[in-house]
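Please look over the sequence and the 3D structure shown here before reading on. The briefing that follows is grouped by topic.

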Amino acid sequence: QQRGALRRWNVALVAINFILCLFGTYLTRSGVVQSVHAFAGSFVASFFLALILLCLGVSGALLIWRWNRLDTADPVASPWSKEGAFWLANVLLIVMTAATIVGTLWPAIHALFTGAPQPGMQEGPTVGLNSRFYNQIVLPMGLVLLALMAFGPMLSVAGNAKQLLRRMIFPLIGGGGVAIVQFLLGIHDAWALACGAVTGTALLSITLGFLEAVNLRRSQTDQGMLSAAIRVFDSSHRRYGGQIVHLGMLMIMVGIAGSSLFDHKDTFVLEKNGTQLIGDYKLHYLDFRQVKGSNYTAFQADVALEAPDGSTTNLFPQMRYYDKSSQPNTEVALMTNLRRDVYVTLAGWEHSGTRATLEARINPLVAWIWVGGIVLSLGALLGLMPRFLPDRQTSPAGKPAASKPYHIPLNSCETDTQ
């Protein structure tokens, strides 16, 4: 916005974002893809398809019509510049989106080119892609995207590789240190080590960039460390709101990596008062009973989940039968904390519950996905806020500094007036 760059990209991405929202709704209503999230195919899908085609045509025509007026005033000068990083991040996000769309539509694509049964038909099984496809395709690009976030605070408008490398020495050392600590703790998965290294590098680069701005303000004023930090943070909500968004993205990526790479699932049959080891937890099957709700009847297993530290959580997975439905509904029992989520499901029972089939799943770090989403939203909200404090500055000698504008670097390589 400040430099008039990437205008066409911006307009195209805004249009694509809205069209993809319509497309996601179309998928759930059309029956094109079979999913637990999809409804039965209905005529409503035709309206969404028509709206998608209309939006594609109108937005495409407007973009072509305004093509010359959306010409970039200051094109990307260097791949090591901020604009270069923005452009590469856009490309990565578009490719990740395309891979997700292809993976989601793969049953329909496979049926179209091979003559296999269409989704929803009963002539035979359809072919789909499992989580390995997304882990192998999307996860590497996600790590590169995180690396761009790590380098972002150190990039300048007219950057060069040598300057960037010089400023990234300490963050890279810190990221390497995080990977070494992970390895010593027994985490040897290559993707997990790479995620830890990138996350450590990003956190350190953001922290060093903020401390550099605080020290610069202290050198120009007589403020203490805390006061200078508050003033610097308040001086540019868009900049530091963006950094908070980056922190939220880092949390989300850590949660995705942990839950994807280290999940554990097991299905087992237990007698009453029996015990099963699931990961580093012990699951005790205590009792089985029938529970009557306001509009359902449930068969419930009472289980106790014993953590490695000896603490116990009582869980109550159920199989519910609602009064107005003949289909059973599984109610998952959940134990969650910042380290992991544990899901317990009642899959079946025999002899009035004296023996039950239970399914347990451990997903590490899932909570960080939700925490990261909250942090990301707060950062975006901060970027929209005006300044909270008036910029009252004094020189080191105690005299008002109103006649001398305060300079804060827009990044570590610039000294433009904020």
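**Briefing**

Arg-289 and Asp-302 form a salt bridge, with the closest N and O atoms 2.8 Å apart; a salt bridge is a side-chain nitrogen of Lys or Arg within 4 Å of a carboxyl oxygen of Asp or Glu. Arg-289 lies in strand β3 and Asp-302 in strand β4 (residues 296–306), so the pair ties together parts that are 13 residues apart in sequence. Helices (H or I, at least four residues) and strands (E, at least two) are DSSP runs, numbered from the N terminus.

This is a predicted model, in which local features need pLDDT of at least 70, side-chain atom pairs count only at pLDDT 80 or more, and totals for chains, interfaces and linings use all residues. Residues are numbered from 1 along each chain as its sequence is written, and side-chain values use heavy atoms, with hydrogens and water left out.

**Salt bridges**

- Side chains of opposite charge can pair when their charged atoms come close.
- A search of the whole structure finds 9 salt bridges.
- Arg-289 is partly exposed, with a relative accessible area of 37%, while Asp-302 counts as buried at 10% relative accessibility. Buried means under 20% relative accessible area, exposed over 50%, and partly exposed in between (1.4 Å probe, protein chains only).
- Salt bridges that share partners join Glu-271, Glu-350 and Arg-355 into one network.
- Lys-272 forms a salt bridge with Asp-287, where the closest N and O atoms are 3.2 Å apart. This pair links distant parts of the chain, since Lys-272 is in the loop between β1 and β2 (275–278) and Asp-287 is in strand β3 (residues 281–292), 15 residues apart.
- Lys-272 is partly exposed, with a relative accessible area of 34%, and Asp-287 is partly exposed at 29% relative accessibility.
- A salt bridge also joins the side chains of Arg-340 and Asp-280 (3.8 Å, N to O). Arg-340 lies in strand β9 and Asp-280 in the loop between β2 and β3, so this pair ties together parts that are 60 residues apart in sequence.
- Arg-340 counts as buried at 12% relative accessibility, whereas Asp-280 is partly exposed, with a relative accessible area of 40%.

**Nonpolar cores**

- The largest nonpolar core has 25 residues, and those with the most contacts inside it are Leu-146 and Met-253. A nonpolar core is a set of buried Ala, Val, Leu, Ile, Met, Phe, Trp, Tyr and Cys residues joined through side-chain atoms within 4.5 Å.
- At least two residues of this core come from each of α3 (82–114), α4 (131–151), α7 (190–220) and α9 (237–261). Helix α4 gives the most to this core, with 10 residues.
- Leaving aside its neighbours within four places in sequence, Leu-146 is in contact (heavy atoms within 4.5 Å) with Val-198, Met-249, Leu-250 and Met-253.
- Apart from this core lies another core, of 22 residues, among them Ile-278, Leu-305, Ala-307 and Leu-315.

**Paired strands**

- Strands β1 (residues 264–271) and β10 (residues 355–364) run antiparallel and are joined by 8 bridges. Two strands pair if DSSP finds at least two bridges between them.
- The bridge partner of Lys-265 in β10 is Arg-361.
- Strand β9 (residues 340–350) also runs antiparallel to β10, with 10 bridges joining them. Leu-346 has Leu-358 as its bridge partner in β10.
- β9 and β10 form a hairpin with 4 residues between them, and His-351 in the turn has a positive phi of about 55°.

**Thr-330**

- Thr-330 is found in strand β7 (residues 328–331) and counts as partly exposed at 39% relative accessibility.
- Thr-330 and Met-319 are 11 residues apart in sequence and 4.7 Å apart in space, C-alpha to C-alpha.
- Leaving aside its neighbours within four places in sequence, Thr-330 is in contact with Gln-318, Met-319, Thr-345 and Leu-346.

**Helix α8**

- In α8 (225–235), the buried residues include Ala-228, Ala-229 and Val-232.
- What covers the buried residues of α8 includes α7 and α9.
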